[in-house]
Amino acid sequence: MTDRGASSKQDALTAATVTVAWVIIANKPFYPPTIWWVVGNGVEAAWISVLSMPFFLAIPFIARRSALAARIALPLIGTIDTVFETKLFGTGSGTELFFAACIMLVALSFRASEKLWQIGLTGVVFAGFLTTRYLIGDALHIWSAEDLGKLFNLNAFAVACLTAFIALRYSGLRGADHSSGTSPS
């Protein structure tokens, strides 16, 4: 295998990372109107959640400089965003379910030679979950039980869509991109 072939494989993982970042960026502005449509209130709080969009927007630019940094940044920014949104909406809102997408990104985004990054980020995502579950305190926006149920369903659907998209986007890359870069003789 040539260096060009190894570089293509690196580009494939990074391209998948950048694609997922763009999907998140494209969907962020639609979250507040969707909350308004499905739940009927909490739109002001939902607009605050859009503040994380520039961080996701930085990922394609980071990828131009460092493929590894971009692949680290996506689950890291996703984790921080999930902690933030859980503080904003509360643990009953279903925002913690986005940690599943973050863990999936960590599982799929790294080569065997990057195992320590994968292990470390797994710890970061899990620490984010523990923080939201046990340390974060009350939500900044208070919801009725009925509205919280609607918000939970909305977020569960969003997480299912995102994780399905991640699985489809990374499909076929794992075996090729997690190899040592050498071909059998």
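## Overall fold

Along the sequence, the chain reads α-α-α-α-α-α-α-α-α. That is 9 helices and 0 strands. Both element types are DSSP runs numbered from the N terminus (helices: H or I, at least four residues; strands: E, at least two).

The model is predicted, so local features need pLDDT of at least 70 and side-chain atom pairs count only at pLDDT 80 or more, while totals for chains, interfaces and linings use all residues. Residues are numbered from 1 along each chain as its sequence is written, and side-chain values use heavy atoms, with hydrogens and water left out.

Of the 185 residues in the chain, 42% are buried. Buried means under 20% relative accessible area, exposed means over 50%, and partly exposed lies in between (1.4 Å probe, protein chains only).

## The largest pocket

The largest pocket holds about 640 Å³ of space. Lining it are 26 residues, and the closest to its centre are Asn 27, Tyr 31, Phe 98, Ala 158 and Leu 162. A pocket here is an open set of points on a 1 Å grid over the protein atoms alone, where a 1.4 Å probe fits, with protein on both sides within 12 Å along at least five of seven lines; lining residues have an atom within 4 Å of a point. Its volume is the space filled by probe spheres set on the points, which are joined across faces, edges and corners.

Five helices each supply at least two lining residues: H1 (3-27), H2 (31-38), H5 (67-89), H6 (98-108) and H8 (145-170). H8 gives the most, with 7 residues. By class, the lining has 17 nonpolar, 6 polar and 3 charged residues. Ala, Val, Leu, Ile, Met, Phe, Trp, Tyr, Cys and Pro count as nonpolar; Asp, Glu, Lys and Arg as charged; the others, Gly among them, as polar.

## Salt bridges

Side chains of opposite charge can pair when their charged atoms come close. The chain has 6 salt bridges, each a side-chain nitrogen of Lys or Arg within 4 Å of a carboxyl oxygen of Asp or Glu.

Lys 28 pairs with Asp 81 at 2.8 Å, N to O. Lys 28 sits in the loop between H1 and H2 and Asp 81 in helix H5, so this bridge ties together parts 53 residues apart in sequence. Both residues are buried. A network of salt bridges links Lys 28, Asp 81 and Glu 85.

Glu 114 bridges to Arg 71, with the closest N and O atoms 2.7 Å apart. Glu 114 lies in the loop between H6 and H7 and Arg 71 in helix H5, so the pair joins parts 43 residues apart in sequence. Arg 71 counts as buried because its relative accessibility is 1%. Glu 114 is also buried, at 12%. Glu 114 forms a salt bridge with Arg 111 too, where the closest N and O atoms are 3.7 Å apart. Arg 111 is buried.

## Surface and a loop contact

Phe 126, Leu 130, Tyr 134 and Leu 135 make a nonpolar surface patch of about 480 Å². Patch residues have over 30% relative accessible area and no salt bridge; nonpolar side chains (Val, Leu, Ile, Met, Phe, Trp, Tyr) are joined within 5 Å, and like charges within 9 Å. Areas come from the Shrake-Rupley method with a 1.4 Å probe; for residues, only the protein chains shown count as cover. Phe 126 belongs to helix H7 (residues 115-134). Its relative accessibility is 48%, so Phe 126 counts as partly exposed.

Asn 41 lies in the loop between H2 and helix H3 (43-49). Asn 41 is partly exposed, at 27% relative accessibility. Asn 41 and Trp 143 are 102 residues apart in sequence, yet 8.5 Å apart in space, C-alpha to C-alpha.
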